[in-house]
Amino acid sequence: MKRKWWLWALALLMVAALAFFALAPGIVEKGMNKVVATRLPTVTPETRKLHASLQIADLHEDTLLWKRSLNDRANRGQVDLPRLIEGNVALQVFSSVTKTPKNQNYDANGADSDNITMLAVAQLQPPRTWTSLLERSLFHAQKLDRAAAASDGKLRVIRTPADLDALLAARAGKPQPVGGLLSIEGLQNMEGKLANIDRLHAAGFRMAGLTHFFDNELAGSMHGIAKGGLTPLGRQTVRRMEQLGMVVDIAHASHKSVAEILAMAKRPVVSSHGGVQAVCKVNRNLSDEEIRGVAKTGGVVGIGYWDAAICGTEPEKVAAAIAHVRDLVGIDHVGLGSDFDGAVTTGFDTAQLVFVTQALVDRGFTPEEIRKVMGGNVLRVLRAGLAPGQ
């Protein structure tokens, strides 16, 4: 009888474990990547026609972090390939998130805790990703490559200017493929070694931000404790990225780090996702001085869609932030940076980007301005940035 009880207990434990690994990751994501009811503009037939003619490009989202098929429509989150196609997205930048602090906040976070380790284990990722930040990014690169290989040509991984040109040429026909480009949210995944930026480039990564929500070996974060500037390793990394053909991203960097990156940059710099202080006074958003600095490099400011970026979830709030950048530095230096699937709540998903187009129309943007904002500016900067430098 005692042995029988023990077997029943073991069986129940195994069922509970299987249920946890099968259900918990999806439940966690569903609670973190939300689309909520918000005020949406009425889309006119003229705007739908304009939207269908755009080459849309988004500088940042985090779908690779989550355990679900990129190629299948999901009942959670904000991005998958069917919704990218429905939204008429030409190029999506997929970011690799490797570490986030417990009790994450915008003000001050230490580097001594990590939420992603538990997520990696719960999602049954390869054991190498449980302890290595570098391996987490290499795993994310494999996920995108495998999704592209299984997409029947609907998804293409973009690594070179020639890849980008071929994608845009193919989109002149039907069906229109979607391009995916790999980025990194915080170079703590270099694990303190300059040589690892070459490994990441070899794996396909073509953009990276130096920091995420905490200070690391390269730079201070806007949300870190010290919030300092670039370290010697950080300066070496910026130079090496420019040589390799990796776009430097200032999102999440401290004000001091941003100033130092902009001062040393020899190639266009982006702020991949966020907002602007003039429209939404949140500490992670860019000051007018920083916006001018990005524009001076020839770069682009990517505007996000969540509350802390634009102080709301309405498309009209996105348009207001975009209009500020346009009015400050010109239409050539602003684009989209959704942060979809980045533990954010938005009022629409990637299939519904026509609402952003309509908000721009309603604000008085011309069709040519809208073409630049919705993708033209980002595509220009990426084409230049993917080419190896000196």
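**Two aspartates and a helix pair**

In this predicted model, the side chains of Asp327 and Arg326 are joined by a polar contact of 3.0 Å. Asp327 belongs to helix H13, which spans residues 315-329. Its relative accessible area is 58%, and because the cut-off for an exposed residue is over 50%, Asp327 is counted as exposed. Between Asp327 and Arg199 the separation is 128 residues in sequence and 40 Å in space, taken from C-alpha to C-alpha.

Helix H13, in which Asp327 lies, packs with helix H11 (residues 288-296) at an angle of about 65°, the two axes being 10 Å apart. H11 is therefore roughly perpendicular to H13, and the crossing of the two helices is right-handed. On the H11 side, Asp288, Ile291, Arg292 and Ala295 take part in the contact, and they meet His324, Val325, Leu328 and Val329 of H13. Sorted by class, the residues of this contact comprise five nonpolar, one polar and two charged.

Asp341 has a relative accessible area of 0% and is buried, whereas Asp327 is exposed. A polar contact of 2.6 Å links the side chain of Asp341 to the side chain of Thr63. When neighbours within four places in sequence are left aside, the residues in contact with Asp341 include Glu29, Asn33, Glu61, Asp62, Thr63 and Trp66, and Arg68, Gly77, Gln78 and Val79 are also among them.

Notes
Residues numbered from 1 in each chain as written. Predicted model: local features only at pLDDT ≥ 70, side-chain atom pairs only at ≥ 80, totals over all residues. Heavy atoms only, no water. Helix = DSSP H or I, 4+ residues; strand = E, 2+ residues; numbered from the N terminus. Buried < 20%, exposed > 50% of the residue type's maximum accessible area, 1.4 Å probe, protein only. Polar contact = N/O pair within 3.5 Å; in protein donor to acceptor, adjacent residues only side chain to side chain. Axes fitted to C-alpha atoms, helices over the stretch in contact; angles between N-to-C directions. Parallel < 35°, antiparallel > 145°, perpendicular 65-115°, else oblique. Left-handed = near helix turned anticlockwise from the far one by under 90°. Contact = heavy atoms within 4.5 Å. Nonpolar A, V, L, I, M, F, W, Y, C, P; charged D, E, K, R; others polar.
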